[in-house]
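Here are some notes on the aromatic side chains. Please read them with the model open.

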Amino acid sequence: MIAIFTISATVAMLTGCSSGGATKSDDSFSTKAQGAMTAWGFNNTDDVGKARLAHAEKAIPDVTITMDQTAFDAQKFTTRVASGNVPDVVQMDANFVATYAAQGLIMPLDACYSAHKVDGKERYYESVIDAVSYNDHVWAVPQFYQPPAIILNKRVMDAAGVTNADINTSKPDALIAAAKKMYQANGGIPTRLGFDPVATGQTELWILGNGGQLIDDSGKPTLDNPDNQKGLQLLKDIYDAQGGYAKAKSFSDTFDTFGKDNQFVKDQVGAQVDNQWYVNVLTPYVDGVEIDAVPFYGADGQPFTVAGGSAFVIPAGAKNKDAACAWALDLTSLDSWKAAGAARADTVSKTPGAVFTGLFTGSPEADKVIRETYVKPSGNEGFDKTIATFYDIVSHGKSIGTSPVGQQVKSELQNALQAVLLGSKTPEKALADAQDQVMRAYDKAQKDNGK
């Protein structure tokens, strides 16, 4: 059995500044896609990626495409834009699109969408299109959307007398009690985490899910919003109930996350927050795990998740923006995703024991068609329920917001998180300090952009 999965997000840390962010007169688009086009960062060379590339090649036959499938690099990107030697289209993490938009390094794509009669709010989930919108413009073509939920280790839970209902993030006391029941240690060193909140990888989920806000509607950072303290305090309480963050993190760092001795096979977790793609990682070990899943619940008791994924942008100065626009939109079209679904189904059918866990595309229509066509009962009730849970939550996503200093927001949030979890600062103090730091960058960005 093999794992079949696509991880298509590269986290970029931007350096350098440039003014921009307004629509320019040369931002019009034509549907006449022809000539040579260069693309960078689309390193999805699995069956899904190949099927979509083949579909686009047929859809725009008058375009000759040269692919640089190396991973996106922020420093290299800014250098290339400054030199004028830019690809026509680039794949990057959607969370950072607004930063490049504010600096004038990429083009607004409103006219691209309009030329091809594509309504972004209809094609993509609202949270997904919001994640690539800034200053009243859409700046990218989004793809993939891997929502986080909580994967349960039923073998561990049953042995500890913990039920699915106990793993409810909207009921902290019950959640922590369940984590304690499943937690195990030897000489004060954890040997099992009852509940792994994956704090450093899912910080925004815990903050926003508990009523917080990181960026307001204008793009201004709001790290010091008092409601943000709730998520950080809850994370600290969860870790404190399981030996403390330092010990828990040291233990989780030893997990064979992608291997045959992963934390579910070895019963090193009772429950864990995971993005949807991790279900694919577990499929080779279907006979060695007993899983289920529940949503992450917001403070209001309703399912909650955070939008994330990759997106295509067209750099300022791109030589063939019309071809880039047509190519990016075709790769995220319903027909392209249908081709991808067929390719994945074919791969699954030829792989003994493989499970089709779905494709989470960023498009509600494509998700629905692929699920109805290809996601069939696998014979393993736990996997089937887990897959269904991720499909059930995908429409409950929320964008963290877009800002010209989005990367700094994420960086300073991590600094605040570490300070709180290690006990060196209170949530209030850590977030206030983070806000001070990020506002320096925000004020500079506003000044550089003439605002």
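1. Buried means under 20% relative accessible area, exposed over 50%, and partly exposed in between (1.4 Å probe, protein chains only). By that cut-off, F144 and W337 are both buried.

2. This is a predicted model: local features need pLDDT of at least 70, side-chain atom pairs count only at pLDDT 80 or more, and totals for chains, interfaces and linings use all residues. Residues are numbered from 1 along each chain as its sequence is written, and side-chain values use heavy atoms, with hydrogens and water left out.

3. The structure holds 19 aromatic pairs. Rings of Phe, Tyr and Trp (its six-membered ring) pair if their centres lie within 6.5 Å; planes under 30 degrees apart are stacked, over 60 edge-to-face, the rest tilted.

4. One of the pairs is F72 with F77, and it is tilted: 5.6 Å centre to centre, with 55 degrees between the planes. F72 is buried at 6% relative accessible area. F77 is buried too, at 0%.

5. F144 and W337 pair edge-to-face, 5.2 Å centre to centre and 75 degrees between the planes. F144 lies in the loop between β6 (141-143) and β7 (148-153), and W337 in helix α14 (residues 334-349), so the pair ties together parts 193 residues apart in sequence. Helices (H or I, at least four residues) and strands (E, at least two) are DSSP runs, numbered from the N terminus.

6. W40, F72, F77 and Y100 form one aromatic cluster. R80 lies over the face of W40, at 5.3 Å from the ring centre.

7. R52 lies over the face of W337, at 4.1 Å from the ring centre. A charge sits over a ring if NZ of Lys or CZ of Arg is within 6 Å of the ring centre and within 35 degrees of the ring normal.
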